[in-house]
Amino acid sequence: MSTPVAVSGLHLIRAIARPHLRTLLLGLALALAGSATSLATPMVTKWILDSLGASASLAGPITALAVLLVVGAAIWICEWILLGTLGERVVRSARESMVRRFLRATVPGITRRSPGELVARVTSDTVLLREAVASSLVGLANGVVMLVGTLVLMAVLDLVLLATTVAAVIVVVVLFAVLMPAIATAQERAQEHLGRLGGVLETALRAIRTVKASRAEERQAAGILAHADASMRHSVRAVRREAVAWTISWAGIQTAIILILGVGAWRVGAGLLEVSTLIAFLLYAFGLMEPIMELSQNLTALQAGIAAARRIAQVEQLEQEDTGSAQPGTTAPQGATGAVLELRDVVAAYGPEQAPAVDGVDLVVPARGHTAIVGPSGAGKSTLFALLLRFLEPRRGEILLAGRPYREQTPDEVRARLAYLEQETPVVPGTVRDNLRFTHPDASEDELRAALERVRLLDVVSALDGGLDAPLSSSSLSGGQRQRIALARALVRTPDVLLLDEATAQVDGLTEAAVHDAIREQARLGAVVTVAHRLSTVVDADMIVVMEDGRVRARGRHEELLASDELYRGLVEALRIGPQLAPAG
Ligand code: ADP
């Protein structure tokens, strides 16, 4: 179920910051204390100068200055470490939440988005979040206090000089208020294009062989770099505006300082102002840029963080698989038919507006035996598997596993009784052992060996450098042998149902024979359902289901269907001359 996340600004950041409120408040207290030491420094400087003029002892003010320095430094380091650690925690927990959600999302939900984009959310957007949550909130509060504090202390020193400063400060603040939103928008666009760049780059790299074979390197690069260009364009726009804002501010403050000097010198000359006051005032004026800088930088970071939080919230809305406890069933387990799987008038589609990919299918898979599904491309065979594996929920109808409806069980419960062999990417990264243990991490050495034996790979694997611990990526196993490793993985603990989407690619005779025998043996122990692409697999099946346009068109054994079904005859003919070398049957 998706969590309703209202997609709007600050409250997303607030929600992320809430669990860390105490740390943030402590950070703010430290920041304010640090600022207080900076604010006090010009006043102590004035004290030293006054003491000099009055020939009084300098011990007091100099000690105060030293204490301010040490305390300020200690506060600074504490604040830095505290907020830095908090930032990393925020990144960590955002990453955890996203990674878990991605892996728990429904298959259609996750495959609709580009993996590169999802990766960018976890790797780069979380970093933007860190700045926004850890430093911006504290920085903004501190910046405001610092600015107000500086102005107040200036007022205490001299109101006339303050008037000249305030004009400059107002100009600077207004300038930032006008330019900041545009800067933030430009930065946000730049980041968006960066995400898209990640998406298309990932797709291109995945298809690198096709890209090269089609001599499309240049065209692909141009397409991908268009996003880099767009990102740069927006970033440059942001930089230009920032440069303008900063330069004008700097010039404004410098002008104010010159004015302060001029007006101050005149007032000192007229005996209206002490030199020490003028110096202290100038020190404040020089420091004025700091809170303004802090405010603007943190505003930018906060806006970038809000944009990142929005993108994160969007992917967090990915529809999740229902992992909650399912309703206990009232149906008696294992129907009288002895069927392990049963589909009753199942209709399924890939979207509310899309035509059904599986349309009114009734199917009974007996607890023992081999059921082969055949049909032309687009007939709905993969969709049927997606339904059985619960990657897709039916729009209508019911699927039962051992007599219990799917909806009374969690996806986990259903999948625990199934083993699935994908057509493509049959191996996972890691060693042979990692692959074999992928479904059952607690499988014993004997179980692994038995599974290898069943696909006739035990000798081959034992001869590998490292045996079961040989990494599959660099080992000398052929494509066919890798497929058998994947099959062995599915056979490690005899599943109730083995769902096997047969590879369409040509395999060696040894692999074909091993797979064939393994299927036959498995069919004696449990149910095997194959999406069959080899004649030998089809011929051998106890029942063949012919699908067309999402419906079951015919069912029966090979000879019956050969005699009765025209489509089947055509399919068999294609298999005979297709990937098949030696016609079987
Ligand atoms: P088969 O495996 O028999 O080739 P599929 O089950 O893949 O057939 O496809 C059945 C129908 O569903 C086809 O019309 C196909 O276009 C459609 N389809 C398959 N996968 C998707 C998807 N992810 N999104 C939308 N439509 C899909």
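The structure is a predicted model in which local features require a pLDDT of at least 70 and side-chain atom pairs count only at pLDDT 80 or more, whereas totals for chains, interfaces and linings use all residues. Residues are numbered from 1 along each chain as its sequence is written, and side-chain values use heavy atoms, with hydrogens and water left out.

Confidence was considered before the contacts themselves. The protein chain has an average pLDDT of 87, and 94% of the residues score at least 70; pLDDT is the predictor's confidence in each residue, from 0 to 100. Where pLDDT is low, predicted coordinates should not be read in detail.

Side chains of opposite charge can pair when their charged atoms come close. With a salt bridge defined as a side-chain nitrogen of Lys or Arg within 4 Å of a carboxyl oxygen of Asp or Glu, the count comes to 32 salt bridges.

One of these pairs joins Glu-88 and Arg-130, whose closest N and O atoms are 2.6 Å apart. Helices (H or I, at least four residues) are DSSP runs numbered from the N terminus. Glu-88 is partly exposed at 42% relative accessibility, and Arg-130 is partly exposed at 23%; here buried means under 20% relative accessible area, exposed over 50%, and partly exposed in between (1.4 Å probe, protein chains only).

Helix H5 also contains Arg-121 and Glu-117, which lie four residues apart and are thus separated by about one helical turn. Their salt bridge has its closest N and O atoms at 3.3 Å. Arg-121 is buried, with a relative accessible area of 8%, whereas Glu-117 is partly exposed at 26%.

A further pair is formed by Lys-212 and Glu-217, with 3.9 Å between the closest N and O atoms. Lys-212 is partly exposed at 47% relative accessibility, and Glu-217 is partly exposed at 34%. Salt bridges also link Arg-433, Arg-437, Glu-445, Arg-449 and Asp-469 in a network.

Note on methods
Helices (H or I, at least four residues) and strands (E, at least two) are DSSP runs, numbered from the N terminus.
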